[in-house]
Amino acid sequence: MSKQGGIGSTVPLLTPYKMGAFDLSHRVVLAPLTRTRSYGNVPQPHAILYYQQRTTKGGLLIAEATGVSDTAQGYKDTPGIWTKEQVEAWKPIVDGVHAKGGIFFCQIWHVGRVSNHTYQPNGQAPISSTDKPLKPMVIDKHIVADFATPRPLETDEIPMVINDFRVAARNAIEAGFDGVEIHGAHGYLIDQFFKDQVNGRTDKYGGSLENRCRFGLEVVQAVVDEIGAGKVGMRLSPFANYWESSDSNPGALGLYMAHALNKIGILYCHTVEPRMITFVDKVETPNSLRAMRDAFKGTFIVAGGYGREDGNAAVSSGYADLVAYGRLFLSNPDLPQRFEIDAPLNKYNRDTFYISDPVVGYTDYPFHLSDV
């Protein structure tokens, strides 16, 4: 990758960028992607190759969503970072990325109500902002996922959950990560507080926009207090309706969070495009992240169905500083190099996104050049 990120690069996505204390050689970010290969919630050695394949010198990678506690899980074999065993298991994976010169952030999350009794300690109810259950996930008339009725957190329990995020951030730094990304998107726990379709609370964490954002911002503040603002990012999806989590005024929600995060001074805001209302396909929308981008003073990362050309346009127009790629980076481990030379891209296979195989759909996508 001799030309990649060079000063003379004519590809906007391949130009250098200074993100706080981090010198990035290009603007192509590995988005966090749930991979369900962390057996028993413990990261596995096969993840070393997976992340190393997608590492470039000076490239930013965001690890798959990683649980902050034993109540945070809602999927089979997703990693955690709340135990000593998990922290130790992450270390060689992080070392593998650093050995190739990459910058690695750990996305920390809590799924909230996107869970059932199977994934909860002692078979208890999942915790959330609400007692509203999710409808079962049905594909081709078959139920593929069922969800338990959640238990709304008591007001005096919320500081304990905030502390779980704080400890997870500390553990991530102990594991060697360069920072953490707080998952405040996609209908998971923090988003269940943000969105007025879900949050019907009457305490200080519900009602007004300020109250609904309080929990997420208290998480951010706790994490910043633990590891420093220069090592913290946050992912948001104000316009999305993932897991039945929509808001009546998403533009106001996004703008409020941008201003509030400025006050805390975090490193970056990673926001999902309005066109990605659900997990699957892009839709036409009149909405834009421009107002959020203009309001937020740190690094602004966009995600959501980007390709090479619209990614370049986002950077060259100043709409975004960095562009995160998920499915394309999964199926093209050398995506920055392919973008540099405008090489054809491998197609991704949805059927292997979430299987347990340590190779298939994970580390077996081909590189463009054999010597990479």
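Contact here means heavy atoms within 4.5 Å. The structure is a predicted model, in which local features need pLDDT of at least 70 and side-chain atom pairs count only at pLDDT 80 or more, while totals for chains, interfaces and linings use all residues. Residues are numbered from 1 along each chain as its sequence is written, and side-chain values use heavy atoms, with hydrogens and water left out.

Setting aside neighbours within four places in sequence, Ile162 touches Phe215, Glu218, Val219 and Ala222. Ile162 counts as buried because its relative accessibility is 10%, where buried means under 20% relative accessible area, exposed over 50% and partly exposed in between (1.4 Å probe, protein chains only). Between the C-alpha atoms of Ile162 and His98, 64 residues apart in sequence, the distance is 29 Å.

Helix 2 comes next. Its buried residues are Gln86, Val87, Ala89, Trp90, Ile93, Val94, Gly96 and Val97, and they pack against helix 1 (46-53), strand 4 (60-62), strand 5 (66-67), strand 6 (103-109) and helix 3 (158-174). After helix 2 comes Gly101, with a positive phi near 85°.

Finally, Ala313 sits in helix 8 (residues 308-316). Ala313 is partly exposed because its relative accessible area is 39%. The C-alpha atoms of Ala313 and Leu13 are 8.8 Å apart, although 300 residues separate the two along the chain.

Terms used
Helices (H or I, at least four residues) and strands (E, at least two) are DSSP runs, numbered from the N terminus.
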